Number of protein chains: 2
Amino acid sequence: MSEGKPIALDAMGGDHAPHEIVGGAVHAVRERGLPVVLVGPPRVLYEALADHDATKEIPIVRAEEALAMDEGALASLRRPRSSIAIACHLVRQGNAGAVVSAGSTAGIVATGRLRLKGQQGVLRPAIAVALPTRPKPSLLLDAGANAEVKPEMLLQFAHLGAAYAETAYGIGKPRVALLTIGSEAEKGNKLVRRAHELLQSSPALHFVGNVEGHDLLTGAADVVVTDGFTGNVALKTMEGAVRYAFDELRQAVESSRLSKLGAVLQRSALRDLAHRLNAEAYGGAVLLGLNGTVVIAHGAARAQSVSAACQLAADLAKGGIVARIGERIAATHRTHRLW
Amino acid sequence: MSEGKPIALDAMGGDHAPHEIVGGAVHAVRERGLPVVLVGPPRVLYEALADHDATKEIPIVRAEEALAMDEGALASLRRPRSSIAIACHLVRQGNAGAVVSAGSTAGIVATGRLRLKGQQGVLRPAIAVALPTRPKPSLLLDAGANAEVKPEMLLQFAHLGAAYAETAYGIGKPRVALLTIGSEAEKGNKLVRRAHELLQSSPALHFVGNVEGHDLLTGAADVVVTDGFTGNVALKTMEGAVRYAFDELRQAVESSRLSKLGAVLQRSALRDLAHRLNAEAYGGAVLLGLNGTVVIAHGAARAQSVSAACQLAADLAKGGIVARIGERIAATHRTHRLW
């Protein structure tokens, strides 16, 4: 299938494109043994590859246009020859196994929907984000692709997430939970009450019930489903709260004379942790439900994170995530006959 | 008006009722000079007051029933003589200036709506929570009273929150923001796009635009409005993320031999901070929009937090928050003629 096919890496997406993206490609090829093609303006990319002495290791596919980080969904329609559009095209034609881009999320989602199209039976593609729980990450979806959803979409998001957890983490029966504002079934709004019924009556899902915001980072479930509005607010709130906690800690330490020594000693442990939170919370965003895997790297991604995103894309493609989702969605149609 | 009237303190709500609640009443009376009446079973409360040698300082109003912490909205209908119902009744009759309870939020909201009724023109009461930003707290509302809302309610929440910020923090023109998933006006779902229009066209509000989840703890606005579903998820996600950050930090410290000394030194600064986050994030929940002020203390509140909640209730009552809200809502009706 897509095994062995290269990753189509959008060289022009991200705050540090193209140099860190090219650096990530070189790392993925040399350190991980992954096949990668770079998509972007050939002259620029050739020079960047030459800096790594890698012009003979990594092929370039031409794309002279690019979506800017502040361009949204509409720009993707106006730029059929953008680097992200060409990367999607390579997957559509069977010449690449998956797409990786650190470009703007809105642009990637719009381009992916347009160029790769949704899988048969999938109502809406969704963004799954890996939260830094232990021992394995919990997947939160939808993290922002769909601000307005129907209960049936939440049921599908559960299947998209379960397929991801199986493929990327080898979890046999992923525990699926529904994000709401009380653990009882009758809590929440109309959307989640109906979604709760659908999830509960799905034999192909291991539904463990409702979870609340404070459960997101405890590893209470492998997959947490929500609408893209709530998911995006929760994700960004989490990001802000972690940053806040570290800032407060720094101030608490600095205001106490006794603990100044402690601050010096802990500095490296703290920095490692902050880095890990940032990388893990956003390194693993995947657009699911299209005819091809699209990994969305963080806009600020440097070479190491880009390389990790290529690994994730390769793992998902090799594990046949698109086919797994297709099977799950087809089975859901047979069970529910809802749409 | 309500100045000088006592606070009606529900002695039977909360994990540590009645002893910590009674302790809080004693603290509020002796250290803060606030008049307080305790509502609950007289014999039990008399004995608890006797432990503090305070039987002559604090009056007791009889209520033999109580709502359990796990009882929700329905129980409040079945218990017209519960301590929280009697406390509301005291305010309704003009015998108390405000209510404080550490009982279950759902029970307090349902009882408050039933016994105090909504203010004229207020579509829905909302819960405002003070977030620990600096220099002054940001108010987030609705934090969970209304899982399903209309855009006009979000506009009203802005006025409820602005009245709170004026009254409790003396902010002249509170900056109001709308919580959504992108800073541009067209981002978000139908609800927030329409609410954005309403907020923008309100001359009586200082609307500063959209904010995202990561802005909640930066003090970007004095009042952040959202629906009760999103608000509750955001608040609990914040709580979970802060706890997660501290847990991760502890582990990072423990795994490094060098930084063990640092951990010892920092222990007290850390504990202080964790305590402050917990107390501040939840000590200031206020149910707004009823004919009377209801402060919801944290269920785990100890005497100090109960006393602080009494202070907040007294400040809001003394500042005439109910009248301020009434004026704002009346003016909104004249401006918008929406309902």
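How many disulfides are there over all chains? The count comes to zero, where a disulfide is a pair of cysteine sulfur atoms within 2.5 Å. Cys88(B) is buried at 1% relative accessibility, and Cys310(B) is buried at 0%. Buried means under 20% relative accessible area, exposed over 50%, and partly exposed in between, with a 1.4 Å probe and protein chains only.

This is a predicted model, in which local features need pLDDT of at least 70 and side-chain atom pairs count only at pLDDT 80 or more, while totals for chains, interfaces and linings use all residues. Residues are numbered from 1 along each chain as its sequence is written, chains are lettered from A and ligands numbered from 1 in the order in which they are written, and side-chain values use heavy atoms, with hydrogens and water left out.

Helices (H or I, at least four residues) and strands (E, at least two) are DSSP runs, numbered from the N terminus. In chain A, helix H5 covers residues 105–116. Its 12 residues reach 16 Å from first C-alpha to last, close to the 16 Å expected at 1.5 Å a residue; the expected span is 1.5 Å times one less than the number of residues. The buried residues of H5(A) include Ile108(A), Val109(A) and Leu116(A). The partners of these buried residues include helices H3 (73–78) and H4 (83–92) and strand S4 (98–101) of chain A, contact meaning heavy atoms within 4.5 Å.

H5(A) is followed by Lys117(A), which is found in the loop between H5 and S5 of chain A. Lys117(B) is found in the loop between helix H5 (105–116) and strand S5 (126–131) of chain B. Each has a positive phi without being a glycine.

| Residue | Phi | Relative accessible area |
|---|---|---|
| Lys117(A) | near 65 degrees | 41%, partly exposed |
| Lys117(B) | about 65 degrees | 40%, partly exposed |

Chain B has cis peptide bonds at two places described here. One joins Ala17(B) and Pro18(B), with omega about 0 degrees; Pro18(B) lies in the loop between strand S1 (7–10) and helix H1 (19–32). The other runs from Leu141(B) to Asp142(B), with omega near 5 degrees, and Asp142(B) lies in the loop between strand S6 (138–141) and H6.

Helix H6 (residues 151–169) of chain B packs against helix H10 (residues 303–318) of chain B at about 105 degrees, their axes 9 Å apart. H6(B) contributes Tyr164(B), Thr167(B) and Ala168(B) to the contact, and H10(B) contributes Leu312(B), Asp315(B) and Leu316(B).

How values were computed
Axes fitted to C-alpha atoms, helices over the stretch in contact; angles between N-to-C directions.
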